[in-house]
Amino acid sequence: MSTTPEDSRGIGTDEWVAQHGERAQRGTGLYARIGEAWMGLPSLVRWGIPLLLVVLVPFAGSNDYILRIGINLGLFLLLALGLNLVVGYSGLLDLGFIAFYGFGAYAYAALASEQFGLHLPSLLAIVIVVVTTAAFGFTLGLPSRRLTGDYLAIATLFFGQMFVVLMVSSDAVQFPWMDEPMDLTGGANGISNVDQLSVLGFTFDSNLSYYLLLIVLVVLATVATKRIHFSRHGLAWRSLGEDSLAAQHMTIPTVRLKLLAFTLGAGIAGLAGAIFASVQQGVYPSTFELPLLITIYAAIILGGLGSIPGVLLGAAIMTILPELLRFPEYSNWLFLVVLILGTIMYLKSWKLVPAVFAGMIAIGFIANVIFLAIGVPYLTTAEWAKGPLAPVLGSWIFMPEERVLIGNIAFVALVVAVAWMSLLTRRTTIILLPFVLWLAIFTWEVRLMLEPSITRQLLVGALLVVLMATRPQGIFGKPRVEVL
Amino acid sequence: MMSGSPESESNPTPALELIDITKRFGGLTSLDALSLAVAPSEILSVIGPNGAGKTTFFNVITGVYTPDEGDVLLFGESIRGVDPHKVARRGVARTFQNVRLFQNLTVRENITAAMYGRTNASLFDIVFRTPRARREERENEERVLDALSFFGTRLQGYRLDQPAYSLSYANRRRLEVARAMATGASVLLLDEPAAGMNPKETQEITEIIGRLRDERSYTIVVIEHDMHVVEGVSDRVIALDHGVKIAEGSFEDVATHPAVIEAYLGRGSAARK
């Protein structure tokens, strides 16, 4: 090729140009500087600080409720790390994943409860559970030899759904060699009184013990995944996710690796399931239905497919956020803060911020006057407003007596307004923004606060939409190119 | 047998031999009783109009298709019907007509991924970072730099850690060749390596193909439409049309062969000349 020095200085070696994309992404300002300083720390510190914080949680005078959330989070992290191997690396859309979690839980319950009168030692039971779940994963992975993409998703979704049906209906199975039908799974009631884990004489009988156990397991799983990420197996998985045919021609046995991914992912899910069964001291089929699967997928996509810190953060958000929103006083604050911060981020100009918010406040008072003029019956501040925000919101928000009806109208108007705003120019959007902001807060206070359990799902959904719209690659994910 | 050190030229066994290969797709016979042999460290070019069966020819060798009749021998051993990843392990690596890199992997990762077949660390080794895993990591690192050094500074330095999709078109083609080299193969099948390149880049890739043979003793089969490349690199040229070998010999012989001119330009063109 005669790479003379003149050549190499010429076309194609301009580092500055080539790194333009990275620079544009890196951003500027305070946020970027903090990010850079953080990434500059040794990785032991970067991983150690969050770890230390979670270990200290139970010793900072916290209660069982928080520990239960922590335990759920730990299980969820294990599941997300396992699913990441299959979906994040190998690109196999496995919608039956939750069945492995359920299978592990049921298998542990069968081996360590009165259901069959078996009370195997915990370690032995867990080994059996992990091995059988992995074998189940291998079996479910077999269609992936031929099926890819959407087709694999449909096939595995079927298995996932079938699992729940099977568990519900296997409470009276007639074996030919038995006189009576046999109860295998406890049907819709599940299996209760499952043994707690007991290893080397130590019984895990408190939330604290499970919390710490899960921290250890999540750390081990994270370290293992991190090592796999850059290894020959990790690279082989990622390349077959990119282009399976090219991977084959580059000495990578794609079929074997796909099956390995399914098997490993299932094994991890089985382990999580066994621990879940023993934490709960019971298993119930309704746990393993679609919502859990969707939440796990949301977590790994939110965090950034294939990125380990992303998977961990995504799982944390999806577990902790709905819990925070369970309490009206937290969710009220959270809503207002997110709304205000979101508006500031959207405006990207300090000059416009006071104008928009002043407009919003003015529209609130104008609305009050209009409502009063029409003669809509209303509640007094003392009747509805609670918490530290009461004096502020109480005098500004008009609270009609017919909260449900008027709230519903406002909600529909809000959704339509937000959807249509995406079509408008920036100037028009900014002119309309004060009204929409007022409408959002009005809807929130009047209608959504009435039903916190629905509201929290709405909010999580809205947050996902916003996050995915602003960062489609996930919080820590790298922007990806599908086909060029 | 394969890794890195192909047989010397005195070896009479061809590196690659096709014996009466026929491949049909329904009623279409894509390759029709095709026989040919490539000597070790030879550069063979395959030309022919669109639809002549050139890419099918590569797909039959690499195991994407199993031929309906005939046999494929690699250094005397049959690789007919062997899975693509095993063919690659036994020493045949290829590039693709429409570049198929692992787009979202970096340059370094693309090449390291192709070394899967020459490394042995198990998941256990990797998770517990055994000496074997660490040794292989170091070796891989050296091999990456070695494969890339072949292309001068084009794919080195900061580019090592850039995703493949961010590379220029010519660099993607170069990276694909480097990735094929990294498999440890001794036979390279290059499918239109100069497609879409400007004249200067075409000149460069021609020289690279020559150097691959001269410096690394690769056996190379090239499918190419650009006659400058074919003329520049080939020891021997084969022309295919409708799956049949219509001419074989030196570039001059084949380029002036009446059957070849007819295949490209239609009946009567040779006569009028």
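Two strands pair if DSSP finds at least two bridges between them. The legends below describe close-up views of a predicted model.

**View 1. Strand 4 and strand 5 of chain B form an antiparallel pair.** Strand 4 covers residues 69-74 of chain B, and 2 bridges join it to strand 5 of chain B. B:Leu73 has B:Ser78, in strand 5 of chain B, as its bridge partner.

**View 2. The sheet of chain B is open and has 4 strands.** The strand order is 2-1-4-5, and the pairing is antiparallel. Strand 2 (28-38) and strand 5 (77-78) of chain B each have a single partner strand, so one side of each lacks a neighbour in the sheet. Helix 1 of chain B, residues 54-62, packs on this sheet and touches strand 1 (16-25), strand 2 and strand 4 of chain B. The direction of helix 1 makes about 115 degrees with that of strand 1 of chain B.

**View 3. Helix 20 and helix 21 of chain A pack at an angle of about 150 degrees.** Helix 20 spans residues 403-421 and helix 21 spans residues 426-446, with their axes 9 Å apart. The crossing of the two helices of chain A is left-handed. Residues that helix 20 brings to the contact include A:Ile406, A:Phe411 and A:Leu414, while those from helix 21 include A:Leu433, A:Val436 and A:Phe442. The residues of this contact comprise 14 nonpolar, 3 polar and 2 charged.

**View 4. Residues 1-10 of chain B have pLDDT under 50.** For this stretch the model has 18 contacts beyond four places in sequence. Chain B has a mean pLDDT of 89, with 94% of its residues at 70 or more.

Technical notes: Residues are numbered from 1 along each chain as its sequence is written. Chains are lettered from A and ligands numbered from 1 in the order in which they are written. This is a predicted model: local features need pLDDT of at least 70, side-chain atom pairs count only at pLDDT 80 or more; totals for chains, interfaces and linings use all residues. Side-chain values use heavy atoms; hydrogens and water are left out. pLDDT is the predictor's confidence in each residue, from 0 to 100. Contact means heavy atoms within 4.5 Å. Axes are lines fitted to C-alpha atoms, for helices over the stretch in contact, and angles run from 0 to 180 degrees between N-to-C directions. A crossing is left-handed if the near helix is turned anticlockwise from the far one by less than a right angle, and right-handed if clockwise. Ala, Val, Leu, Ile, Met, Phe, Trp, Tyr, Cys and Pro count as nonpolar, Asp, Glu, Lys and Arg as charged, and the others, Gly among them, as polar.
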